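Biologist: Please take me through this model slowly, and tell me each time what a term rests on.

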Amino acid sequence: MRKIIFILSTIISFISCKKILSKKIMIEKNPFGITKDGIPVDQYTLNNKSGMKVQIITYGGIITAIEVPDRDGKVLDVTLGFKKLGDYEKRSPYFGALIGRYGNRIANGKFKLDGKEYNLVQNDGENHLHGGDKGFDKVVWTAETLILNDSAQLKLLYQSKDMEEGYPGNLDVEVIYRLTNDNSIEVEYKAATDKKTVLNLTQHTYFNLSEDKNILNHKLMINADKYIPVDENLIPLGELVSVNGSPFDFKLLKTIGKDIEDNHIQLERGGGFDHCWVLNEQNIGLRTSAILLDPASGRQMEVLTDEPGIQFYSGNFLDGSLPMKNSDFFYEKRSGLCLETQHYPNSPNEPSFPTVELNPGEKYYSKTVFKFTNRP
Ligand code: GLA
């Protein structure tokens, strides 16, 4: 009997392994719609050999789906988003988007370079947020695809004109999304400018690794001993503060819902977590910055980056008004979270923060990896 069970289990594992290996690395292109300005938008579907799928549209470089298996092989789209382009154009809280020229906030929409003051649109109260009224999340990127033996790659290109949204310099931007066979999504950012400018690119996907209506049962680890407290408008106060003994301590995997309603001025100001953590091991290149786990399904996402900071936003502004893409329901508060690798908010006005200035002749480069695995 034991021999029969062994033979059967060997046959089953061979078939399932063959099925996965029989999957090919593929890239499909399909029309996704026309913008309100009449520009066609395409959707690219990247498939790898392990059964993972990533969909990206040329509008905003938006990731519209990431399908990953759980520990039992059950596939789920772990991102928030919309079915229709019009919703992304009209009412998106940056679902899935590439963000620039400056991810996060700049106080009062002002900064100085070489003594000259630049005024940006104040699209978040008195402050400037995520590149302004028409940031990189709202432009149509040019796409090029490439299939390598271990990955499928989508290169997105955009030329941001001098003084676009108030930023100096003609800026050539290139973002590469690469889906590898080990279920990683690599995001590489490159840019060059013909005039000194500021730049802080990031990716703004909202994740929910579970089938829960919110992310409060997810566990999160952030590789940071310090974080950046903010004022009531989410502008950094300027100092880097230890996380020890506070709800902002995620040095070990912690359930997100554990402390999120604690009585803490920073949680009150953010309406939950909406802060930038100062990542440990600065200036060593790519390193693990965060680990997100859904214990129920076993789905895990490790975030690696060469950036100094990561904004953990627990989806506090979602208010039940935005339609879900895969059902007739709506996205409730905290139904998804963002882990936005980046330089610190308001860095152009904080000389003590790592610089975000880019000079002519310099090559901007940054890499972030979202690596999906399963825990038993
Ligand atoms: C970032 C900010 C949040 C919020 C979202 C978009 O995550 O930190 O305050 O503005 O973008 O809704």
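Modeller: Strand β19 (residues 224-228) and strand β20 run antiparallel to each other and are paired over two bridges, and across that pairing K226 stands opposite S242 of β20. The model is a predicted one, in which local features need pLDDT of at least 70 and side-chain atom pairs count only at pLDDT 80 or more, while totals for chains, interfaces and linings use all residues. Residues are numbered from 1 along each chain as its sequence is written, and side-chain values use heavy atoms, with hydrogens and water left out.

Biologist: What makes β19 and β20 a pair?

Modeller: Two strands pair if DSSP finds at least two bridges between them, and β19 and β20 have two bridges, so they meet that definition. The strands themselves are DSSP runs (E, at least two residues), and helices are runs of H or I with at least four, numbered from the N terminus. On that basis the protein has three helices and 28 strands.

Biologist: To which sheet does β20 belong, and why does β20 count as an edge?

Modeller: The sheet is an open one of six strands, in the order β17-β26-β25-β22-β19-β20, with antiparallel pairing. Both β17 (206-207) and β20 (241-242) have a single partner strand, so one side of each is left without a neighbour in the sheet, and they stand at the edges.

Biologist: How do you know that strand β23 is mostly covered?

Modeller: A residue is called buried when its relative accessible area is under 20%, exposed when it is over 50%, and partly exposed in between (1.4 Å probe, protein chains only). In β23 (residues 287-293), six of the seven residues are buried, and the strand is therefore mostly covered. Strand β18 (residues 219-222) pairs with β23 in the antiparallel sense over four bridges, with M221 opposite I291.

Biologist: What joins β23 to β24, and which residue in their turn has a positive phi?

Modeller: Six bridges join β23 to β24 (residues 299-305), again in the antiparallel sense, and among the facing residues are A290 and V303, as well as L293 and Q300. The two strands form a hairpin with five residues between them, and G298 in that turn has a positive phi of about 85°.

Biologist: Why is β24 described as largely enclosed?

Modeller: Seven of the seven residues of β24 are buried, so the strand is largely enclosed by the rest of the structure. Both of its faces are covered, with R299, M301, V303 and T305 buried on one side and Q300, E302 and L304 buried on the other. β24 also pairs with β28 in the antiparallel sense over seven bridges, where R299 stands opposite N374.

Biologist: Which other strand pairs with β28, and over how many bridges?

Modeller: Strand β14 pairs with β28 (residues 364-374) in the antiparallel sense over eight bridges, and K371 of β28 is the bridge partner of S184. Eight of the 10 residues of β14 (residues 184-193) are buried, so β14 is largely enclosed by the rest of the structure. β14 is also joined by nine bridges to β13 (residues 171-180), running antiparallel, and in their hairpin, which has three residues between the strands, N183 takes a positive phi near 60°.

Biologist: How do you know that the size of the protein agrees with a compact globule?

Modeller: The radius of gyration is taken over C-alpha atoms, and the globule rule is 2.2 Å times the number of residues to the power 0.38. For 376 residues the rule gives a value near 21 Å, and the protein has 21 Å, which agrees. Buried residues make up 55% of the 376.
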